Amino acid sequence: MTYFIDRRANAKNKSAVNRQRFLDRYRTHIKRSVEEAVNRRSITDMERGEKVSIPTRDISEPVFQHGPGGKRTIVSPGNKEFVEGDRLRRPSGGGGGEGAGEGGASNQGEGMDEFAFSLTREEFLDFVFDGLELPHLERKALKDLDEVKPVRAGVTRDGVPARINIVRSMREAYARRIAMRAPIRRALREAQEALEEEERKDPVLRNPSRIAELKAEIERLEKRLEAVPFIDTYDLRYNNLINQPQPSSKAVMFCVMDVSGSMTQAHKDIAKRFFLLLYLFLERNYEKVELVFVRHHTAAKEVDEEEFFYSRETGGTIVSSALTLVDEIITRRYPPSQWNLYVAQASDGDNWDDDSVNCRERLMKSLMPRLQYYTYVEITPHAHQALWEEYETVAAEFPDRFAMRQIVEAGDIYPVFRELFKRRAAH
Amino acid sequence: MTRRKPIATGSDWNFEILEAYERELSRLADEYRLDTYPNQIEIITTEQMMDAYASVGMPVGYHHWSFGKQFLAVEQAYRRGQMGLAYELVINSDPCIAYLMEENTLMMQVLVMAHACYGHNSFFKGNYLFRTWTDASSIVDYLVFARRYVAECEERHGVTAVEQLLDACHALQNYGVDRYKRPSPISAEEEVRRQAEREEYLQAQVNTLWRTIPGRPQADALPGSLDSEEDPLGLHAGGRYPPEPQENLLYFLEKNAPLLAPWQREIVRIVRKLAQYFYPQRQTQVMNEGWASFWHYTLMNRLYDEGLVDEGLMLEFLQSHTAVVSQPGFDSPFYSGINPYALGFAMFSDIKRMCENPTDEDREWFPDTAGSDWLEAVHFAMRNFKDESFIQQFLSPKVMRDLKLFSIVDDDQEEMLEVTAIHDERGYRRIREALAQQYALSLREPNIQVFEANIRGNRSLTLHHVQDSRRPMGRSVYPVIRHLHQLWGFPVRLESLSEDGTVARRYQWPLPDEEGKE
């Protein structure tokens, strides 16, 4: 006896729990690999998973085994030239063919001292952003409830045909049919019993008019029984959708970068990696993240991604031009009541002498009160200039929402990023 | 020759075609008297197959990180193309569950049905080890019970506590089997019903063992115990516990470890029961795979002879079959030990050959088998042996010649390796003996037994390892006795005895300097 079962539609992730347990257990190992990967990766591919290796000895499951030594006899196939009594040199370093006597326990792929496996993109990013959080996410979420989202909310009696709940409707119809038919059935049964009783009587004693009456009654009841509708508009039930107010889950990220002559391609690469990390991080926290690229030298301009990172410009630097443009764009397109606003600025620290004060003014007066978070990274190995100093006063004013760090080389990006978004104890 | 009317051509399949082939296979299997459990054939996807692989072939299992590790390894190997999945996965249960992967070709599906649903299935039902040690009808229920119990423990005592306990049990699971007495069949309902009862009972037992009221002094004082001058009241003269060495370490711990909580004992029991269930499989690799390969080969050829499959399918089959039963030589880069499929297939085919076309050599070596009814002979071999005894009994000079077997002695007291036997008249018996030993589970794993639990003194536990051919313990011994120490709760000592009975090496946990004694 044999039967076939098609299980293809069943859940496929039976091992998900075990996989997760494994990842949790070797968290520290995996994190180390991930950190290395983040710094090594080319700037465009944060989007895929990562191969991780762990030394096999760290994850072995020990069992009692024979060690090397002693006297053992090994039978092998494929003899070509040996005859009994031949003496051979021991193969050195276990690289030889005869090494398989180890209790039969060699798992496939000999000589592997690294246990390698792949993380999915999600798992990879989980590790990248493990322990990080967006500051002030909750403040925004509670305040703005003008977004709505339709959610299911039980069933109702009226609605549009597209939302009929068939199961519930049929159940209602069935219940109604039982309820409506029961009294008719009962009357019918009584009439039939009376009729039978009448017919069982001696023909002499029968009452023909009574019989005719009963027959008419039965016919009438049967008709009524049939007339009970199979389904009635009264039975119909509809899936109900209501609009539920949603915390605003949209974010916009402004990437602001100095493209004046002093910013080399290396500087831009570093900036791009930083922006990318921030973007991925925002993407995990918000359903929708929009990007706005603003670049500036003496004048600021909104551009697309390609132009932002790769076109070359020369000239001096006026940072406040970019801040003014960001301010305008916010006012025009991204009302703070609906959008979570993030600004990330990268620069080498150069600015027109008198302009840094304007920047501070602009930030303090109009930008900071509307923003979720402002990060400034200065990519320079040199000493700070006026801009950094002015920004320090802003940071002192808005310690929770304004962060600034210095990056010297690519290896600093991830540590700086982690530091900026480290989960803080609730105040 | 009849004209071919194949049931299907090409490599695509659907359920009707599979059912038609299954019917034909079933008819042929009946002809060959293959007695099987009902088959439950499940069609699954690649991902599901990887899941199934990762849970070492258990259809449901409790959660543990080691299965996750297994899964990642399988996934990685599969992605890199190092491993074809798919050949087959079959579970010793009633009904017998076999998996077919959806992306296999028609040939593969028919082959796997023949191999798993008739080959392995009849082996599970017929072989004496499986009949004695496993209960196919209750295993799935038991696994469900185990999974639920472990999950409950995780909820109650935390995932980490359960995980550490399972780690320790897994390290000892090869020492959780009874080798000589039949365990009572395991059944899920009974397990649940008796479990509460057992908890109390067990705990009471343990308490009795550890009670401090002295028992009756016994006459046979131990060599290790204090002599009467030091101990005039005879407080230490209670005899050794356990009186006989115990080889089932997990059983001993489950019943006697002083500090384990009832739920921990139950988990030790679960690991032990599952180890017992897999015990026959570890002892019959060559036979089991050989038997299944022998039958898929025979059945596929019958299908072809009857015109039910076309030439294309047959060629594809032969290619796949040849790859499965190939045996690279010891010096080949593809060599990774003796291929159980190759050896088993060669041996079963050879039994058939010596029945049908016996040579003088066969008559001399196998007077009972040569020239007898081959079907009877292979069934007899399948039913009554395990790898070790099967090789001892049936490995013929012809197979040794075909595989060009030779044996080498590696003795660490000699500078050179020595070839002690090759496939010639003088060597046949020695090679056969050596190969059988190679498959003897009792020699593959170190022989370790519980020697003494010091129930009157410091509660330490002493194990004995009896060396075989001076082979020492591997480096993993410390992590394992550490796990053992976690379960036992008091110092654990392992004494490695050389063949003359003297202690060659001692291992102990906690390490002596940490403990500050000895």
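## Domains of chain A

Chain A is divided into three domains: domain 1 (15-60 + 114-130), domain 2 (161-240) and domain 3 (247-420). The model is a predicted one. Taken over C-alpha atoms, the centres of domain 1 of chain A and domain 3 of chain A are separated by 30 Å. Their contact takes seven residues from domain 1 of chain A and 10 residues from domain 3 of chain A. On the side of domain 1 of chain A that touches domain 3 of chain A, the largest share comes from helix α2 (residues 27-40) of chain A, with three residues. By class, that side of domain 1 of chain A has five nonpolar, one polar and one charged residues.

## A sheet in chain A

Six strands of chain A form an open sheet with mixed pairing, in the order β10-β9-β8-β11-β12-β13. β10 (300-303) and β13 (402-407) of chain A each have a single partner strand and stand at the edges, so one side of each has no neighbour in the sheet. From one strand to the next, the twist averages 20 degrees.

Within this order, strand β8 (residues 250-258) of chain A pairs with strand β11 (residues 340-347) of chain A in the parallel sense, over seven bridges. One detail of the pairing is that Ala251(A) has Asn340(A) in β11(A) as its bridge partner. Helix α10 (residues 319-333) of chain A packs on the sheet and touches β8, β9 (288-296), β10 and β11 of chain A. The direction of α10(A) makes about 145 degrees with that of β9(A).

## Contact between the chains

How many residues does the contact take from chain A and from chain B? It takes 57 residues from chain A and 85 residues from chain B. On the side of chain A that touches chain B, the elements giving two or more residues are β1 (2-6), α1 (16-25), β3 (71-76), β4 (87-88) and β5 (114-119) of chain A. By class, this side of chain A has 19 nonpolar, 20 polar and 18 charged residues.

Strand pairing also links the two chains: β1(A) runs parallel to strand β1 (residues 39-44) of chain B, and five bridges join them. In this pair, Ile5(A) stands opposite Glu42(B) in β1(B).

## Domains of chain B

Chain B is divided into domain 1 (15-127 + 284-319) and domain 2 (325-442). The C-alpha centres of domain 1 of chain B and domain 2 of chain B lie 26 Å apart. The contact between them takes 14 residues from domain 1 of chain B and 18 residues from domain 2 of chain B. On the side of domain 1 of chain B that touches domain 2 of chain B, α4 (106-126) and α11 (285-305) of chain B each supply at least two residues. α11(B) gives the most to this side, with eight residues. By class, the side has six nonpolar, six polar and two charged residues.

Two packed helices are described by the angle between their axes and the distance between the axes. The table gives these values for two pairs.

| Helix pair | Axes come within | Crossing angle |
|---|---|---|
| α6 (residues 139-157) and α7 (residues 159-171) of chain B | 6 Å | roughly 130 degrees |
| α4(B) and α11(B) | 8 Å | roughly 130 degrees |

α4(B) is therefore oblique to α11(B), and α4(B) passes α11(B) in a right-handed crossing. Residues of α4(B) in the contact include Leu111(B), Tyr118(B) and Phe123(B), and those of α11(B) include Trp291(B), Trp295(B) and Met300(B). By class, the contact of α4(B) with α11(B) has 10 nonpolar, six polar and no charged residues.

α6(B) and α7(B) are likewise oblique to each other. Here Val150(B), Cys153(B), Glu154(B) and His157(B) in α6(B) meet Val159(B), Ala161(B) and Val162(B) in α7(B). By class, the contact of α6(B) with α7(B) has five nonpolar, one polar and one charged residues.

## Backbone details in chain B

Asp94(B) and Pro95(B) are joined by a cis peptide bond, with omega about 0 degrees. Pro95(B) is placed in the loop between β2 (90-91) and β3 (96-101) of chain B. A cis peptide bond also joins Trp509(B) and Pro510(B), with omega about 0 degrees. Pro510(B) is in the loop between β9 (503-509) and α21 (512-515) of chain B.

Lys404(B) is not a glycine, yet has a positive phi of about 55 degrees. Lys404(B) is in the loop between α17 (397-403) and β4 (406-411) of chain B.

Note on methods. Residues are numbered from 1 along each chain as its sequence is written. Chains are lettered from A and ligands numbered from 1 in the order in which they are written. This is a predicted model: local features need pLDDT of at least 70, side-chain atom pairs count only at pLDDT 80 or more; totals for chains, interfaces and linings use all residues. Two residues are in contact if their C-beta atoms, placed from the backbone, lie within 7 Å. Helices (H or I, at least four residues) and strands (E, at least two) are DSSP runs, numbered from the N terminus. Ala, Val, Leu, Ile, Met, Phe, Trp, Tyr, Cys and Pro count as nonpolar, Asp, Glu, Lys and Arg as charged, and the others, Gly among them, as polar. Two strands pair if DSSP finds at least two bridges between them. Domain bounds come from an automatic or database domain assignment. Axes are lines fitted to C-alpha atoms, for helices over the stretch in contact, and angles run from 0 to 180 degrees between N-to-C directions. Angles under 35 degrees count as roughly parallel, over 145 as roughly antiparallel, 65 to 115 as roughly perpendicular and the rest as oblique. A crossing is left-handed if the near helix is turned anticlockwise from the far one by less than a right angle, and right-handed if clockwise.
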